Amino acid sequence: MARTLFEKIIAKEIPASFLYEDELCVAIRDINPQAPLHALIIPRQMIAQLSHAKTEDQALLGHLMLVANRIAADAGYGNAFRLVVNNGAEAGQSVFHIHVHVLGGRPLSWPPG
Ligand code: AMP
């Protein structure tokens, strides 16, 4: 299977603005930011989309949420931020390597589009 854009970013074959890295995931700035803080938290393990995750991925998925806390707090938005996971093309997913969007720094209305 062809490697995803995010696998190439994780391997540093494609440049990106890294905010955080650990043994399980990386966080980068989104290239097309929708808020003053718009980060993507991407696991090193390739899971195409959330609905493909398995029971054994539970700890990894939880880790992504805790890293999101840290990214938002480090940016100064620890009290007001939003996480988004688009699952499937019809839900807006364009890169099929699971990732968590972290948005902060502006009012975030509800319902989302
Ligand atoms: P999604 O549509 O939920 O799959 O999110 C994919 C995100 O990746 C979009 O918000 C894009 O703006 C972002 N993106 C695409 N290419 C890059 C890139 N080279 N570096 C950083 N973010 C990217």
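**Notebook: the ligand and its pocket**

I began with the shell around the ligand and found that H1 gives the most to it, with 3 residues. Helices here are DSSP runs of H or I with at least four residues, strands are runs of E with at least two, and both are numbered from the N terminus. I keep in mind that this is a predicted model, where local features need pLDDT of at least 70, side-chain atom pairs count only at pLDDT 80 or more, and totals for chains, interfaces and linings use all residues. Residues are numbered from 1 along each chain as its sequence is written, and side-chain values use heavy atoms, with hydrogens and water left out.

**Entry: the shell**

I counted 16 residues around the ligand, the closest being Asp-30, Asn-86, Gly-92, Ser-94 and His-101; near means a heavy atom within 4 Å. Helix H1 (5-10) and strand S2 (25-29) each supply at least two of the shell residues. I sorted the shell by class and got 7 nonpolar, 7 polar and 2 charged residues. Ala, Val, Leu, Ile, Met, Phe, Trp, Tyr, Cys and Pro count as nonpolar, Asp, Glu, Lys and Arg as charged, and the others, Gly among them, as polar.

**Entry: contacts to ligand oxygen**

Next I looked up some distances. A backbone N or O atom of Ser-94 is 2.7 Å from an oxygen atom of the ligand, and for a backbone N or O atom of Val-95 the distance to a ligand oxygen is 2.9 Å. His-99 uses its side chain: an N or O atom there lies 2.9 Å from an oxygen atom of the ligand. The ligand taken alone exposes 500 Å², and the protein buries 83% of that (Shrake-Rupley method, 1.4 Å probe).

**Entry: the pocket**

Where does the ligand sit? I found the ligand in the largest pocket, by the test that more than half of its atoms lie within 2 Å of the pocket's grid points. A pocket is an open set of points on a 1 Å grid over the protein atoms alone, where a 1.4 Å probe fits, with protein on both sides within 12 Å along at least five of seven lines; lining residues have an atom within 4 Å of a point.

I noted 33 lining residues for the largest pocket, with Asp-30, Gln-34, His-38, Leu-40 and His-101 nearest its centre. By class, that lining has 17 nonpolar, 12 polar and 4 charged residues.

Definitions and conventions:
Polar contact = N/O pair within 3.5 Å; in protein donor to acceptor, adjacent residues only side chain to side chain.
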